[in-house]
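Colleague: I would like to learn how to read a model like this one. Please take me through the features one at a time.

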Amino acid sequence: MDDDIPYLLLTPGPLTTSRGVRQSMLRDYCTWDADYNQLVADLRNRLVTLAGGGDRHTAVLMQGSGTFSVEATIGSVIPPDGKLLVISNGAYGRRMTQIARRLSIDHSECWLGETQVADPADVRQALQDDPAITHVAIVHCETSTGMLNPIESIGAVCRQMGKVYIVDAMSSFGGIPMSMESVGADFMISSANKCIQGVPGFGFVIADRDRLSETKGRARSLSLDLYDQWSEMESKGGKWRYTSPTHVVRAFVQAMDELDAEGGVAARHQRYCENHRRLVDGVAALGITALLPAAIQSPIITSFLYPDVDGFAFDGFYQALKQRRFVIYPGKVSDAQTFRIGNIGHVFPEDIDQLVAAIAEVIGELTVASSR
């Protein structure tokens, strides 16, 4: 743990960043400057490469949190006579449904519950039952639980049935090996402050050029018009339509450099998996179990059931860990008492070992207090 940070953020983003990423923001940039806009243009190309794309793919950057980019995509790519199917098993799938409802987009939701992984056979059946569906959307890593959905096999179904496929890879892109081709995605969405380990401020969409070109004039929002944002960046050498988050962009470029230096997505995925293994094994020895079975659990973030310890309350547990320089996340499951711990960011296996030791200490104190 760096000495210049007060604690580790063990969350799905914002997350703990490196000293280099933080220091990269100590410079101001002019958004009209050619050097800055070239930085943006190069960054867009690097994102396409990271997604395994080629000339038929492009990248659009969008101001705001990751949800802004999800809303920009849903609100821009579905035509007035289109219909969206949302495959949902958590809060972030439900958020896509909420976006479609708010924008008056015709849609249906295949709600699976919070502990059931998506099944390609069910997706195929839903598409056969409703030929009006033109677009399918799913969350890859559902961070409300840590569930990892099988986006590749669902993408194969969408290709076979001629549907446009939207993947929310918010908390997995850059941390789990994947490509536009392997996933079969037409639009893949992520954010600066997730596995690439930048800071909050913009999201991005990797898109099939032809699919994106078809969306001109469809957007239901001015500021979240994905096509117009792309057109501006394409025609003006990386320039954003409205004020660019310059410091965040520079931090993201530094984060991309650090991803390369680590060995790319494969190496980062290996580190995240080791973080996850040590965490799950370590707390299991303390009587704390994961909500999901290992087969559908991502290495990104894990939901844990409350331990069977007298006097356990999340707020007290949270504060006790924060005093020991670890910040975790509350649960986001409707029918179980859970808390969440993330494994991503500038966090390493030795940090996880220290976290497990801190959890053991806090649980020990609770056990002693309850026995008095």
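Modeller: Start with a definition for helix packing. Axes are lines fitted to C-alpha atoms, for helices over the stretch in contact, and angles run from 0 to 180 degrees between N-to-C directions. Helices (H or I, at least four residues) and strands (E, at least two) are DSSP runs, numbered from the N terminus. Two background notes. This is a predicted model, where local features need pLDDT of at least 70 and side-chain atom pairs count only at pLDDT 80 or more, while totals for chains, interfaces and linings use all residues. Residues are numbered from 1 along each chain as its sequence is written, and side-chain values use heavy atoms, with hydrogens and water left out.

Colleague: At what angle do helix 3 and helix 4 pack?

Modeller: Angles under 35 degrees count as roughly parallel, over 145 as roughly antiparallel, 65 to 115 as roughly perpendicular and the rest as oblique. Helix 3 (residues 66-77) and helix 4 (residues 91-102) pack at about 50 degrees, with their axes 10 Å apart. The two helices are therefore oblique to each other.

Colleague: Which residues of helix 3 and helix 4 make the contact?

Modeller: Contact means heavy atoms within 4.5 Å. Helix 3 contributes Thr67, Val70, Glu71 and Ile74, and helix 4 contributes Arg95, Met96 and Ile99. For classes, Ala, Val, Leu, Ile, Met, Phe, Trp, Tyr, Cys and Pro count as nonpolar, Asp, Glu, Lys and Arg as charged, and the others, Gly among them, as polar. By that scheme the contact has four nonpolar, one polar and two charged residues.

Colleague: Now the sheets. In what order do the seven strands of the open sheet stand?

Modeller: Strands of a sheet pair through backbone hydrogen bonds, either parallel or antiparallel. Here, two strands pair if DSSP finds at least two bridges between them. The seven strands run in the order 2-10-9-8-5-3-4, with mixed pairing. Strand 2 (57-63) and strand 4 (107-111) are at the edges with a single partner strand each, so one side of each has no neighbour in the sheet. Ignoring direction, neighbouring strands of this sheet are turned by 20 degrees against each other on average.

Colleague: In which sense do strand 2 and strand 10 pair?

Modeller: Strand 2 and strand 10 (residues 202-208) are antiparallel, over seven bridges. Ala59 stands opposite Ile206 in strand 10. Helix 2 (residues 34-50) packs on the sheet and touches strand 2 and strand 10. The direction of helix 2 makes about 125 degrees with that of strand 2.

Colleague: And strand 5: are its residues buried or exposed?

Modeller: Buried means under 20% relative accessible area, exposed over 50%, partly exposed in between (1.4 Å probe, protein chains only). Five of the five residues of strand 5 (residues 135-139) are buried, so the strand is largely enclosed by the rest of the structure. In a regular strand the side chains alternate between the two faces of the sheet. In strand 5, His135, Ala137 and Val139 are buried on one side, and Val136 and Ile138 are buried on the other.

Colleague: Which strands pair with strand 5?

Modeller: Strand 3 (residues 84-88) pairs with strand 5 in the parallel sense, over four bridges. Leu85 stands opposite Val136 there. Strand 8 (residues 164-168) also pairs with strand 5 in the parallel sense, over five bridges. Ala137 has Ile166 of strand 8 as its bridge partner.

Colleague: What is the strand order in the open sheet of three strands?

Modeller: The order is 11-14-13, with antiparallel pairing. Strand 13 and strand 14 (residues 338-342) are joined over two bridges. Tyr329 stands opposite Arg340 in strand 14. Helix 11 (residues 264-284) lies across strand 11 and strand 14, at about 10 degrees to strand 11.

Colleague: Turn to the backbone. Where is Pro14?

Modeller: Pro14 sits in the loop between strand 1 (8-9) and helix 1 (19-23). The peptide bond from Gly13 to Pro14 is cis, with omega near 5 degrees.

Colleague: What is the phi of Gln197?

Modeller: Phi of Gln197 is near 75 degrees, a positive value in a residue other than glycine. Gln197 lies in the loop between strand 9 (187-191) and strand 10. At 5% relative accessibility, Gln197 is buried. Arg325 has a positive phi of about 75 degrees too, and is not a glycine. At 28% relative accessibility, Arg325 counts as partly exposed.
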